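Me: I would like to learn how to read backbone and surface features in a model of this kind. Could you take me through them one at a time?

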Amino acid sequence: SRLASLYERGVPDGVHAVRDAEFLEWRYQNPDWRYEAYTAAMAGDPVAGVVTGTQTEDGVTTTNLVDALPLAGGRDRDAGLHEILRTVTDAYADSDLLAYNGTAIPESVLRAHGFHYDGSAPLSRVTSPTKLVAYDITSGDGAWCTGGLDLRDSSSWALSYAELDAR
């Protein structure tokens, strides 16, 4: 309920899964991953949360920052995310890979905790980009648009591992 409440504080304009209690309970029942939730508060009021998912396969331990909430926000949220990432990077220092995919955590916060974008050197040499594929199932005027968003524009999407992790 705390994560759902954090979601409601900063709902982005982009296409994303609604983080209500029903979705969150369903999403974090994947038995192949171990999930942990972290929250940060200011003056006793929750301002940010992160859910991690960890899996060991073939001797390689991967920890994903599956979700960061609220998905949009301001200075208090960003300060909370900074503190959570300090805790998470310490807690998962032994993971072989600590990864994040999404737009909720500002790049400056990610960089401050040692995260590197995989679309540029040196990581781009050993990674391949994830492709988002959408099919227009309508016909006529307005195709590829919904709720005022052009689905062909990458800025219309606000996805994280919560939506993308299909493993």
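Me: Where does alanine 43 lie?

Reply: In this predicted model, alanine 43 sits in the loop that runs between β1 (34-42) and β2 (45-57). Its phi is near 55°, a positive value in a residue other than glycine.

Me: Does alanine 43 count as buried or exposed, and why?

Reply: The label follows from relative accessible area, where exposed means over 50%. Alanine 43 counts as exposed because its relative accessibility is 91%.

Me: Which phi does aspartate 58 have, and where does aspartate 58 lie?

Reply: Aspartate 58, although not a glycine, has a positive phi of about 55°, and it belongs to the loop between β2 and β3. Because its relative accessibility is 77%, aspartate 58 counts as exposed.

Me: What kind of peptide bond joins leucine 69 and proline 70?

Reply: Omega is the angle to read here, and at about -10° it goes with a cis peptide bond between leucine 69 and proline 70. Proline 70 itself is found in the loop between β3 (60-69) and α3 (75-91).

Me: Which residues gather in the patch of negative charge on the surface?

Reply: A patch of this kind joins like charges within 9 Å. Here Glu8, Asp20, Glu22 and Glu25 gather in a patch of negative charge on the surface. Of these, glutamate 8 lies in helix α1 (residues 2-9), and it counts as exposed because its relative accessibility is 60%.

Me: How many helices and strands are there in the chain?

Reply: The chain has five helices and six strands, and from the N terminus on they run α-α-β-β-β-α-β-α-β-β-α.

Key: Residues are numbered from 1 along each chain as its sequence is written. This is a predicted model: local features need pLDDT of at least 70, side-chain atom pairs count only at pLDDT 80 or more; totals for chains, interfaces and linings use all residues. Side-chain values use heavy atoms; hydrogens and water are left out. Patches are made of residues with over 30% relative accessible area and no salt bridge: like charges are joined within 9 Å, nonpolar side chains (Val, Leu, Ile, Met, Phe, Trp, Tyr) within 5 Å. Accessible areas come from the Shrake-Rupley method with a 1.4 Å probe; for residues, only the protein chains shown count as cover. A salt bridge is a side-chain nitrogen of Lys or Arg within 4 Å of a carboxyl oxygen of Asp or Glu. Lys and Arg count as positive and Asp and Glu as negative; His and the chain ends are not counted. The place of a charge is taken as NZ of Lys, CZ of Arg, CG of Asp or CD of Glu. Helices (H or I, at least four residues) and strands (E, at least two) are DSSP runs, numbered from the N terminus. Buried means under 20% relative accessible area, exposed over 50%, partly exposed in between (1.4 Å probe, protein chains only).
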